[in-house]
Amino acid sequence: ELRYGSHGHTARALEPLSDRQEVLLQLVLALALYPNLALPHEKNRERSSAECVFHTRQVPFVNLHPSSSVYPEVATALAPWEGLAFGSVLQTHLPFLMHVTRCPVVPVVLLGAAAVDTSADCKMLICDEWLQLVFEDREDALDLLEEAHVLRRAMQGALDMEVAQFFEADCDDDVSAELVEAELPTFPSSAPLRLRQLGRRATRRLRGPDLETRALSLWQRRVPFRWQILTPNEYTAFLQAGAAASSASGASAGPQGAGDCQDGIVKPVGSWLRYGTVSEECVNFESSLVSDHLAVAWHCPFCRHTFRFTRGDIAQHRGECTGDGVPPLPACTATSAAASTDASARPQAEVAANFGAEGGRLRGEGEVWCCEHCGATLPKDARTDIFRHQRSHGV
């Protein structure tokens, strides 16, 4: 029994929480801890609790501290859409997560992230330049973005009102509601209609139980998605691909093309939602920015299917792909006009006979190196280019 248990605020704090209040408390706690978010390794279900690892923004691999209440069942406790919000990382002989609570990943990052980059089709999101989310259904992604936009504005307004009531006075630097409405994000004409409408219509102000119900609805929503942690270089690769895709389509990156330009990449400012700034379609697998573990959408030229593969997966698929009845590409095509003319003028058997077993080199005049996977050719003395091309196949 507390000495001051008779005080009104203390007595209220001692009251048992309802299920709704517990979920709301979990929501507030997870948003307060963001970006301290740990995501489980895909192989954790096959491991013991001591061997389970998590990925965070600060540390690539971290374990859960044995003192946690989640530790005994951590291998199976988390659902596919859940992660761990944590208070700190304790560094001993291994880094350990401390003070954790379970939370759904998508609502936390959409409500807590300072910036969310989207692809042109909105199926891929990159939150705060470190967490990539890929959704199977475009409409699911648009629903989540629309709901996050409404809730972020409502929660900010409710917080401002609580602060003003707490101090019983308005601050000198308070921003009027009219100015806030004027700062609504605007999107290019190529953006989906539902996103463009976010900046046109005024959202109904949510307060009290209405805001709680709306927030809990997003918190409890489940949609299929994939995630992976990105390094700064990998984020830059997606950003460059987005700029290339925007240039090819003639559209400007971001809201009305406004933003800071760094190394030819437009980074919009002024809104948490950045439309069309990232893409997977133009990611160059030969780039040094792309690591061996990064999975990117890749279209097989033989079977004409699209996969999410790493370099190693691409090399394995090329070796196993039967083409599904689709005729494969030519075995080898010369890049230079002279080599191409010379090779096409001779029978295919003679051309094949001129290839040695060592690295697929072409013997004779105008020697070139031919890729055994895709048939691309490069000068034999361009060793750096050959090495980069081999990396694109996972070799």
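1. Buried here means under 20% relative accessible area, with exposed over 50% and partly exposed in between, using a 1.4 Å probe and protein chains only. Cys122 is buried too, with a relative accessible area of 0%.

2. Before going on, please note that this is a predicted model, where local features need pLDDT of at least 70, side-chain atom pairs count only at pLDDT 80 or more, and totals for chains, interfaces and linings use all residues. Residues are numbered from 1 along each chain as its sequence is written, and side-chain values use heavy atoms, leaving out hydrogens and water.

3. How many disulfides are there? The count is 0 disulfides, a disulfide being a pair of cysteine sulfur atoms within 2.5 Å.

4. Now look at helix α5, residues 138-167, which holds Glu147. (Helices are DSSP runs of H or I, at least four residues, numbered from the N terminus.) Glu147 counts as buried, at 17% relative accessibility. Leaving aside residues up to four places away in sequence, Glu147 touches Arg214 and Leu218; contact means heavy atoms within 4.5 Å.

Conventions:
Helices (H or I, at least four residues) and strands (E, at least two) are DSSP runs, numbered from the N terminus.
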